[in-house]
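Subject: Structure handover

Hello,

The structure you asked about is below, with the sequence.

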Amino acid sequence: MPLLGYLIVCCSELIGLHYLSSAYLVKKDVSRWKFLALHLIYVAVAVLQPCFVYDPNLNTAINLLMRIVITQCYRGGLYTRVLICAASLSAGFLSEGILFTLLRLLLDIDLAAVLSSQFNMLLTCVASGALAILLLFAIVKLIRFYRTVQRKLHMGIFFMVFTLMLLAVDLLVNFGDSEYLVYSLLVIACLVISAAILLDLFREQLKSQRDSLKTGFLEEQLTLQLSHYESLYAQMHQVYEIRHDVRNILLNIESYLKLGEMEKALAYVRRYRSEVSAEDAIDSGAPLIDAVLTAKRAAFHGDFQLRMDPLHCEHMDLADLGMILAIALDNAAEGTEGVQNPYLSCAIVQQARMIVIQVKNPTLHRPDPAQRFPASTKTDAAAHGYGLKSCSRLAEKWNGQISWSCQNGVFQLDILIQDIPPLQA
């Protein structure tokens, strides 16, 4: 009966080992006989060795060594293969610990009572082997899931850290009074290291997201700036062409005036005055800010009113100022949804080192004035609502603040920033 139990555990270990190896390694073209011989040797050693020489240290070392030999059927570095073997071995320890914990909690059966009966030992081997396979399957699925669902990664990391801590306590409780104490302590150390790695991964993930957001915004603004330059170039080219023809234009106007045809002369003047107008672009001397304002005005379907003083910034990062304007204008455009005659009013005034931005728009929504930031009006509100928070963070960085109000169906956002060295360098 014990041999049958060892055989079942051995088969479950092989299934789990091959599942992990196939998930992270590439299988080699190994001959069928070589593959079968390796597995027969593994089964024979794993089943018979405990019967002749039962030593926990020797059993674990031989088991780990044989697993590494089995992974020779796959392509991959030694480091990866050792990690896979250690993971499958740890799954076996964890499955035994979880099983014994459940027996104690649910049936009030201790380890000695389980091992005293051969039949109970066989059932324990079957349950432990199945649980080890389920643990490995769940771990691989969780890793794949969190790789594809990035916004749930942070919560998943905290969940995994909590689970690892519970498993560490579980191992210490179940193997504290047995000869597997040394191995349980080693596994606990590995779990603690894994928890530390996960926490470091969490920190790196946050840093990566911040860098990604900033890089994405800069790329977008560079694209807008390029579009702005292209628009300016096209208009300058038009003005250049018209300047070459200005002599003929003046002759034509003079001819209309001599003939007394004032209406034709005025129409002729209006025609060329509209062609040389730079109304389609904004040029304040700050190309990045001009690109943002030009793009937002072109994207807004309504009356876009802009009043802007020439900006002279010595310390302020124009990328931050552009992000503030982009967020404020996007929120204002979103707030005009459903309004019959939408408009958007933006005023940018600089007095010495002080820059004041005021954005107004009509809205059908009634935000709660008790809230610091208005709730998002988008359908998936849980995934949005971070715009004004980012805007406030940037304003505070530049020694300023934001405030908002909504009266008589008009939403007003006021942003105050200062062109002095930031609080956070």
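The notes start with the basis of the values, then go to cores and rings.

This is a predicted model, in which local features need pLDDT of at least 70 and side-chain atom pairs count only at pLDDT 80 or more, while totals for chains, interfaces and linings use all residues. Residues are numbered from 1 along each chain as its sequence is written, and side-chain values use heavy atoms, without hydrogens and water.

The protein chain has 13 helices and 7 strands (DSSP runs: H or I of at least four residues, E of at least two, numbered from the N terminus). Of its 425 residues, 36% are buried (under 20% relative accessible area; exposed is over 50%, partly exposed in between; 1.4 Å probe, protein chains only).

The largest nonpolar core has 37 residues, and I348, I357, I415 and I417 have the most contacts inside it (buried Ala, Val, Leu, Ile, Met, Phe, Trp, Tyr and Cys joined through side-chain atoms within 4.5 Å). Helix α12 gives the largest share of this core, 9 residues. A second, separate core of 19 residues includes L20, Y42, A91 and L136.

There are 3 aromatic pairs (ring centres of Phe, Tyr and Trp, the last by its six-membered ring, within 6.5 Å; planes under 30 degrees apart are stacked, over 60 edge-to-face, the rest tilted). Y19 and F137 are tilted, at 5.7 Å and 40°. Y19 is in helix α1 and F137 in helix α6, 118 residues apart. W404 and F411 are stacked because their planes are at 20°, with centres 5.7 Å apart. Both W404 and F411 are buried.

Regards
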